[in-house]
Every structure is written in C-alpha cells, then in structure tokens.
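Me: Could you walk me through a few local features of this protein? I'd like the cut-offs spelled out as we go.

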Amino acid sequence: MRKIVIIGGGAVGLSLAYHLTKAGPASVTLLERNTLTSGTSWHAAGIVGPLRATPNATKLAMYAGELFPRLEAETGLSTGYRRTGGYWLARDPARMDELHRIAALGRHFGLHPAITGPEGVAVPGLDLSGVVGAMAVEEDANVNPVDLCMAYARAAKAQGAVIRENARVARIVTAGSRVTGVEMADGEVIPADQVALCAGAWSKRLADPLGVALPLQAVEHMYVVTEPMPEMPHPFPVLRDLDRGIYVKGDAGKLVIGGFEPAAKCWDAYGPEGDRPFLEMPEDWDQFTPFMEAALALIPGLERVGIQHFMNGPESFTVDSRMLLGQAPAVDGLFVAAGMNSTGVMSSAGVGRVLADWMLAGHAPMDLWEVDVARADPLAAAAEHVQARMEEAVADVFALHWPFKQPKAGRGLRKSVLHDLWAAEGAHFGLTAGWERGLWYARDAAERDLPYSVGAQPWFPIAQREAAVMETGTALLDLSPFGKFDISGPDALRFVQHVATADLDVPPGRAVYTVLLNDRGGIEGDVTILRRAAQDFRLVSGAATRWRDGAWLRRNAAGFDVRIEDATEAEAVIGVMGAGSRALLAGLSPDDWQDFPFSTARAVTVAGQPCTAQRVSFVGELGWELYVPAASAAAVFRALTGAGARPMGHYALDACRIEKGFRHMGHDLGPDISPLEAGLGFAVDWGKDFLGKPALQAQRGEGIARKLVLFDLPGHPLVLHDEPIWENGRVVGLTTSGAKGARTGWTLALGLIGITKGETMAQTCARVFTVEIAGTHHQAQALARPPYDPAGERMKA
C-alpha cells in the first residue's frame, strides 16, 4: 500500500487527506505541528467565491459549492456553508471590461453572473456614489473555516487517515532525487512514498534544503468584525469594492470588513512568535484605516456601530499572486500546495481533489500550469525578492488586472548579459518568465511610459514600426531566456527518439521542430532539437517552462544512459531576422550564409567571435538565431547594431508570431491538447515509436472532436485569451491567444473549438462564429491559412 505523509493540518492539508482516502487504498498520515487549523485557517474570513479570472481557476473554485454541502451529509457536522450571493463593484470604467470578461467565462462554466449598473446592486444601506457598475454572482457564499476543517478531519479519519497533532516535522528525507519520508523533531523517521507539503507560511523552510523554490512570504493580513447591525439584510451578500481594495461579508448579523494591503507588512514565520498557535498580532490602525474609511463611505451606517474584534493574523502570499501546486521539479514524490493568497479555505476543495488525483495517477487531472510549482524560478524564492514583491503582490489580488500589466516591485531578477546594451537601444523592459526583456524600443521619452488600456494598445504603433524593419532590413530579438538543454551520452539518440514525436535520427547540423507528449497524447513540450553529433543534442524550449522542462526530461530519462545539462545561461541568443539578415551577417562573417538551408545549424564566426547559427524563425522571416557564449555576446551585438540592425521588442515578436499561426506553449498548447488537435500533425513521425504514440494513434483512428483554429476578427477588438467562441447561440470553444498582427494589421486569435468527426478545414471556414469580448460579440472568420506569407516563402528564402 502506498504510504503518503501530509505536512500541515489546515484546510488544504485536511482536504487532501479527505480526497486521498476517498479515492482508494492508501496509508495516509497527516502531521500538524500544533493543533488543527491553528496556523492560518482558523482566522480565515470564510468567503467562498466560485468565479475566478481563468477557466481552470474557476473549475477549481467551483467544486467548493458541491463539496461543502456534501461534507455535511457525509459527516453530520455543519460546515456553515451558505449561499449569500455577492457583488463585485467597479469604480473605474476600465474595470467593467474585466468584469464583462470574467462574467462571460463564468456563464460558460454554468455559473450565473450578471452585469448590472449601480441600480442593480440590491443591498440596502449602501452609498454607491462613484460606482459605475457591478457584477452580481448568485453562487457567492460563506463557510465557517474551523467547522469545515473539522468535517474534513472527521471524514478523513473515518476513511482511514491517521491525524497526529503536536507532531513537528524537522525535515523531509530524500535519497537522491526521490523523497523517502520525514524526520520528526524527536528523531522519529516516518517512511513515505510521497510527501505533500501543505504547511502554508511554514512550508518554505522545509523546502529550501531540498532545492525546491517556494516564492512565498507571510504577511500581516487584517479584517475587523463589527458589532451587530440588525438593519442589514440576512444573509448579507459578499461585497467586493475592488477599486478600493476591500471586501465586506455578513457574519451572524455582524459585518466582516477586510482588504488586500498595499505595502503589506512581512511577518517572519520562523521568528519568536512563529510557533504560537492561533496567533493574533497587535491591531494596526495605521495600516487598516484606509480600508475602514472605504467601508464607511460604502456603508454609512457603520458610523453608528462599534468594532467588536480586530483580527490581524499571518497569511502567505506568492510573488505572482498565484498558488504553488504540484510535484516539486527537483524532488520526485514531493508535492506542494502552499501560497494560497488568502483563498486557502475556499480553494481547499478543488486543491485537495486535484492534488490527490495527481499523486495517485502520476499526472495532473487538468492543465494546472498557471499554478504549477514548477513555474517558480529559484531566484524568485530568495528572501529579498519575496519581501520586495509584497509591496504590491497582496494588493494585486483586487487591483485592476490591466491587459499587459507589468509589476513594479522586485524587478531585475534575471537579466541577460546583453541587458545594458538592449537598454541603450531604448528598451522599455517588462517581465517575461522572470526575465527582463525589451517589450518595445522607445525613440524618445514620450514612448517610454505608455498608459495601460483595455482597448487599442498605445505601444502597437511602435511594434508595427519595429516589425516593418524586417521587410527589407534586419531586426534583432532578445531570445536569451530560451530554455537550453544539452543531451549527450551513449543513449542520447535513443532517448530523444523516445520523447520526441519527430524523427531525430537526422544528419548532424539538422534542427528539428517537434513536440514532447505525455502518455495520454497531450503536449508537454514545444521544442526544437538540434543534432550536434551522433550522441549529442541541444533541446531549446520556451523561457517560461525552463524548470518544468528540465524536470520532465530528467524524469523521463530514467533507464537511459544520458546526461542532461541546463545551458540556459551559458549563452546569449540573438535573433537576427528580416530580408536583410543574410547580407548583414555575410558582411560580419567569413562563413557562407547563402548555402545555409532552413532548419539547419552550424558553427560560424560573427564579428570575430565563435557562435552557433541556427536557421529557424518564430516571426516568419528569413533569419537566424545566434547562440553566442555569454562572454563574447556583447562584441557580436555591437557589430550587428553597428551594421544597421535594429532592435525589435517582445510585443512585436508576438504580433508577428500570430500572423503565422505559430502556437505558444502554455496558452495554445498544453498537456490536455494533442498535436492532432493543435494542427501539429506534421511534427509526428508515425514510422517510429515515441512516448504517447498509442494514445495518439487511437485518437487518429477515432478522429478528433476539436481543433485549434486561427480566426480573423475584422472589428479589431482587444483579444487576449479565454474569450468564449459562439456559433448558433452556443459556446463551442474558447480563444487561447490573440494579438493584432504587426505586418498585416489583422486582429487574430487562436481558439480551440468543437468540430464534427472528419470535418474539413473548408467546412470549418464556412461556419459562422462570433467571439464574446468584454460583453460584445465580434464577428470571427476561421482561416484556412495564416494571413502572412502562408507558404513560408520569406522564411525559407
């Protein structure tokens, strides 16, 4: 029987114990250092909000509305769950765009959000001056956090779980890269096949010695409870006054008022008070007064009642305001569920279920990349960085999520060796996968700090200008953050043939685009693999998935005699793209750039510096990626700009990418979509065996029921992702990514839609679609071919 140890007796750990024991035979032991709920769960506000900003986050949150009432029936214990309904209030007109988008997503998943004006907020006693609109959510609810945890515990124990209180874990024990158990503070060692770290703010110290990055920080998080207010409706709906950063909920005739603090005060979970159960910190009216003033403005009747209780307790937040969930990339068998960003009680149902499924099945039951712990950059977990991020990460929970919004605090974590040279070219930097990259290149001060917008993007004319250079000249792209993995050893060829769908038994110097699959036929990696020698390969993947890709390769290399080395920071990568790239490079190099076929690579010398040139392109133009040793990258960069090449930003790159219909890992591609559905069947060699082939063959035989399609939206709305795609009065899919083409001017979106078995592309293009964006339906035409250079003549010239 599998032995599983759970560290942490709050809502998340208890939910996991419940779901693991519910699923089947397993030996489950939960260890709590003090008493159950005594860390942060006991003082949670208890709001249950099923509607979130993304599809998978909504799926996770919605499950609470199903589970919490069911727990009462299973255990005979009340959880205090009660639907109250709620309102999300908007004061900034731009906020309504966000609410419309979220409401459309909620309706797609069977919820009942409704957009209304201030007059539709049916709560007496509110002063709605300044409110421009709202979203009503009838499924909003409350739960009693402690009662819920006791129900989890009773059910888990009835199903066979062992729960030990006052059981402090000193360290997690490993052998090599696999977890083997935990060692208690008294020296007892408890063996385990899997360990789940659900200790919230106290998780980091157990993870750090194992090289597991958990970029989270405990802060002081506050709310107040009023004296009874009998004139208020009961139940009182959950109110979120988003643009003032506060929430209000009912509590047995009283009101609970809380907020998400800007410049949140960091708290040391390992300091003098870190071990005290049920900790309450001193009242902090300096911090809380702006929230109280906002509540008084919204509910004037608060002036007539007192404050019964001021709650200031610890809560952990992550640097990107998204939870950390899943198997740790560096340690097999170690799973994490931490950094809940003040939604632990509400999220406990969904998190417990998906993590239990993940642990028992060996893979996530749905695409959880947005919260996957494997996204975490180890540098992001450094104390200085997480503390700096708390200046805005807590407030970001309620802050307006502008399209293309960039963080301000905690910047400069990762910079390429060419950072200062890109800056000298006018780079307006933004964070992409933790790296500072030029989003666009400003010619003057007026182009540097452009405002955010929910409509046409102010930077788009700059992206057009940058992309236009490639028509006849040469543009430079910062591609250094690419994940770069060197695979060598006696079994290197056999290994890459096993994991890649394409044939890698090609001549040295050949670069092959391929996908990596799981055993269900879903896409785990979207990569290019260069064969450098008989048993020597270079795999290049996206920047965002670097840590996940490294772990995936390592785990799948079991049984192969190979060495996998992460070479990401050893080399800078400069994209040299455009019609003038061949002539420009020839003028800086003694090598032959004319007889240099597409999808090949070779050692070259540029500006006197040795490097590798690989002829591929993510922008659909003639061009090369130069892989240059970090020490000599500056000399190559200066020579390229000195010869007339101009920088091109990340936004222009994406605007060119979508004009070619190129897919993006993490948005368009993921573990739940196959290459056949994604339109990447050309990257599959059916004449060889590879991981996931049986599942893919079965799908090929049955025919696909959905596919990824490129759409043109002639009305030019702002397309982002996850917008519902409609046909004949029903939703048939969601967009996966979108952008306005920098060269064509077309507004384009990729979307995953349902199709009939055997449906041809011509039949799909004949269908009539609209895309719902911020409350408006926009005509969308499915395209048989990408609008820019569909035959690839420029790219392969």
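Predicted model: local features only at pLDDT ≥ 70, side-chain atom pairs only at ≥ 80, totals over all residues.

Me: Which residue forms a salt bridge with Arg164?

Reply: Arg164 sits in strand β9 (residues 162–164), and its partner is 24 residues apart from it, in the loop between β11 (178–184) and β12 (189–191). Strands (E, at least two residues) and helices (H or I, at least four) are DSSP runs, numbered from the N terminus. The closest N and O atoms of the pair are 3.1 Å apart, and the partner is Glu188.

Me: Is Arg164 buried or partly exposed?

Reply: Buried means under 20% relative accessible area and exposed means over 50%, with partly exposed in between (1.4 Å probe, protein chains only). The relative accessible area of Arg164 is 29%, so Arg164 is partly exposed.

Me: What is the relative accessible area of Arg563, which meets Glu565 in a salt bridge?

Reply: The N-to-O distance between the side chains of Arg563 and Glu565 is 3.4 Å. Glu565 is partly exposed at 41%. Arg563 is partly exposed too, and its value is 46%.

Me: Which side chain makes a polar contact with the side chain of Glu571?

Reply: Glu571 lies in strand β30 (residues 571–577) and counts as buried at 18% relative accessibility. Its contacts (heavy atoms within 4.5 Å) include Lys484, Tyr627 and Pro629, not counting residues up to four places away in sequence. A polar contact is a pair of N or O atoms within 3.5 Å; within protein, one must be able to donate a hydrogen and the other to accept it, and residues adjacent in sequence count only if both atoms are side-chain atoms. At 3.0 Å, the partner of Glu571 is Arg538.

Me: What span should helix α4 have, at 1.5 Å a residue?

Reply: The expected span of a helix is 1.5 Å times one less than its number of residues. Helix α4 (residues 145–158) has 14 residues, and its end C-alpha atoms are 20 Å apart.

Me: Which residue caps the N-terminal end of α4?

Reply: The buried residues of α4 include Leu148, Tyr152 and Ala155, and they are covered by elements including α1 (11–23) and α7 (344–361). At the N-terminal end, a side-chain oxygen of the cap lies 3.1 Å from the backbone nitrogen of Val146, and the capping residue is Asn144.

Me: Which residue in the turn between β36 and β37 has a positive phi?

Reply: Two strands pair if DSSP finds at least two bridges between them. Strands β36 (residues 724–727) and β37 (residues 730–740) run antiparallel, joined by 4 bridges, and Trp726 stands opposite Val731. The two strands form a hairpin with 2 residues between them, and the turn residue with a phi of about 55° is Asn728.

Conventions. Residues numbered from 1 in each chain as written. Heavy atoms only, no water. Salt bridge = Lys/Arg side-chain N within 4 Å of Asp/Glu carboxyl O.
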